[in-house]
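Keep the sequence and the 3D view at hand while reading.

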Amino acid sequence: MLITNYFRKFFQIAQSSGNLLIICVIASLMIANSSLGDDFQNVLDYPIGPYSTSLWINDGLMAIFFLLVGLEIKRELIEGELSSLKNASLPIFAAIGGMLVPALIFVFFNYGTEYQNGWGIPMATDIAFSLAIISMLGKRVPASVKIFLTALAIVDDLGAIVVIAIFYTEKLEFTYLALSGAILLLLILLNYFKVKKHIFYIIPGLFLWHFMHHSGIHATIAGVLLAFTIPTNESTTEISPLEKLEEKLHLPVNYFIMPIFALANTNIQFKSRMIEGLFSNFGYGIILGLVLGKVIGINLFSFIAIKLKLSDLPKKSNWSQMIGAGLLAGIGFTMSIFIALLSYKGHTEIQDEAKFAILVASAISGFSGYFFLKLLAKKKISVSDYKENI
């Protein structure tokens, strides 16, 4: 019952926060292309203490976003859809395919160019947007498909976190890395001795973020590491410290942090070269990677897993609905933009081109996935009505 209620609440939050994200994206684009554009950029560049406003958003606030993602991943591994091999196998295989194929498509178009470092961009799925759109379809899509997409997106985020930690890490500072390790060990000991109060984890977590930031590994990884030390349990009736913190974070992350990130990172001033960039190898790599690579990779690897009898299709679902879910997984947005910022540090023009291509690809994936699943539901209703009349 707890899991069912959790998913119901999760989808409700995802739908409304996804709508808010869309509003923030539109607002940011309008501001960037108005007379307020330069003033808004000055606000983002304004120093607050040792860092600019944009850095506090992308490294500070996003660490809290990654903390929530880490909590969701751990909960799913302990008591959710990823807790058993049978339940977890299909989303895991699908996520692997949904990361590999888009990355290969990007590399195919951009290998040996100045853009090749962005191969991680089309690997990502935006949980908020994808679940917001599938939630809008209501009962026209089976709950099992929604849960599959949720688990897929969570595994996808875990993959993106690993990619960021390994491939987008700058020069390592081993003193700060050692300090980070010491803090992490302290957090693990707190978990081992069953300390349950959040404050005893949050305070060391702040130090972990600081040391991680200076170590060369992206500071947002501190959020994930902190999440994996928060105590949980396998009970479906008793709420654990992890679930309590997760519940507390959902509202600020979905209604403040992610909208702020969207406002700060989609302030793209439209230029003619951006349209041309969509029809370049760089644009093809991102757009085809997200729009086609995701749906092909997810369904190909799912098909292989099912044929090898390693997995089963979600209950009351079919391959057409899996294609629709694969299309929605092509909405990259938050994580894709985040990886684009890491891929092309110091190259604002390339970052803007990447953001624009991500927006276009995410819009195509979102609209096509929504209308495809809606059309499937209409056909199913029409067939059932026809049978009843007969």
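## Terms and one helix face

A residue is called buried when its relative accessible area is under 20%, exposed when it is over 50%, and partly exposed in between (1.4 Å probe, protein chains only). Helices (H or I, at least four residues) and strands (E, at least two) are DSSP runs, numbered from the N terminus. The model is a predicted one: local features need pLDDT of at least 70, side-chain atom pairs count only at pLDDT 80 or more, and totals for chains, interfaces and linings use all residues. Residues are numbered from 1 along each chain as its sequence is written, and side-chain values use heavy atoms, with hydrogens and water left out.

Helix α2 covers residues 37-45, and G37, F40 and L44 are buried in it. Viewed down the axis of α2, the buried residues fall within an arc of 65°, so they line one face of the helix. The arc is that of the directions from the helix axis to the C-beta atoms. An α-helix has 3.6 residues a turn, so residues three or four places apart point the same way. V43 is also in helix α2, but V43 counts as partly exposed because its relative accessibility is 49%. V43 and S54 are eleven residues apart in sequence, and their C-alpha atoms are 8.5 Å apart in space.

## The nonpolar core

A nonpolar core is a set of buried Ala, Val, Leu, Ile, Met, Phe, Trp, Tyr and Cys residues joined through side-chain atoms within 4.5 Å. The largest nonpolar core has 103 residues, and F65, F66, I134 and I286 touch the most other members. Helix α6 gives the most to this core, with twelve residues.

What is I134 in contact with, leaving aside its neighbours within four places in sequence? Contact means heavy atoms within 4.5 Å. By this rule I134 is in contact with V141, V145, K146, L149, L328 and L373. Q321, found in helix α13 (residues 319-328), touches P142, V145, K316, L373 and L376, not counting residues up to four places away in sequence. Q321 is buried because its relative accessible area is 6%.

## Two salt bridges

A salt bridge is a side-chain nitrogen of Lys or Arg within 4 Å of a carboxyl oxygen of Asp or Glu. How many salt bridges does the structure hold? There are two. One joins the side chains of R75 and E246, with 2.9 Å from N to O. This pair links distant parts of the chain: R75 is in helix α3 and E246 in helix α10 (residues 241-265), 171 residues apart. Both R75 and E246 are buried.

K294 forms a salt bridge with D156, and the closest N and O atoms are 2.4 Å apart. K294 lies in helix α12 (residues 281-307) and D156 in helix α6, so the pair ties together parts that are 138 residues apart in sequence. K294 and D156 are both buried.

Patches are made of residues with over 30% relative accessible area and no salt bridge; like charges are joined within 9 Å, and nonpolar side chains (Val, Leu, Ile, Met, Phe, Trp, Tyr) within 5 Å. Accessible areas come from the Shrake-Rupley method with a 1.4 Å probe, and for residues only the protein chains shown count as cover.

L77, I78, L158, V162, I166, F167 and F228 make a nonpolar surface patch of about 590 Å². Helices α3 (53-79) and α6 (143-167) each supply at least two of its residues, and α6 gives the most, with four. L77 is placed in helix α3 and counts as partly exposed because its relative accessibility is 39%.

## Other single residues

I260 lies in helix α10. Is I260 buried or partly exposed? I260 is partly exposed, because its relative accessible area is 25%. I260 touches I57 and L61, not counting residues up to four places away in sequence. I260 and C24 are 236 residues apart in sequence, yet 7.9 Å apart in space, C-alpha to C-alpha.

K194 is not a glycine, although its phi is positive, about 60°. K194 lies in the loop between α7 (174-192) and α8 (199-215) and is exposed, with a relative accessible area of 65%. F333 also has a positive phi, near 35°, in a residue other than glycine. F333 is placed in helix α14 (residues 333-343) and counts as buried at 2% relative accessibility.
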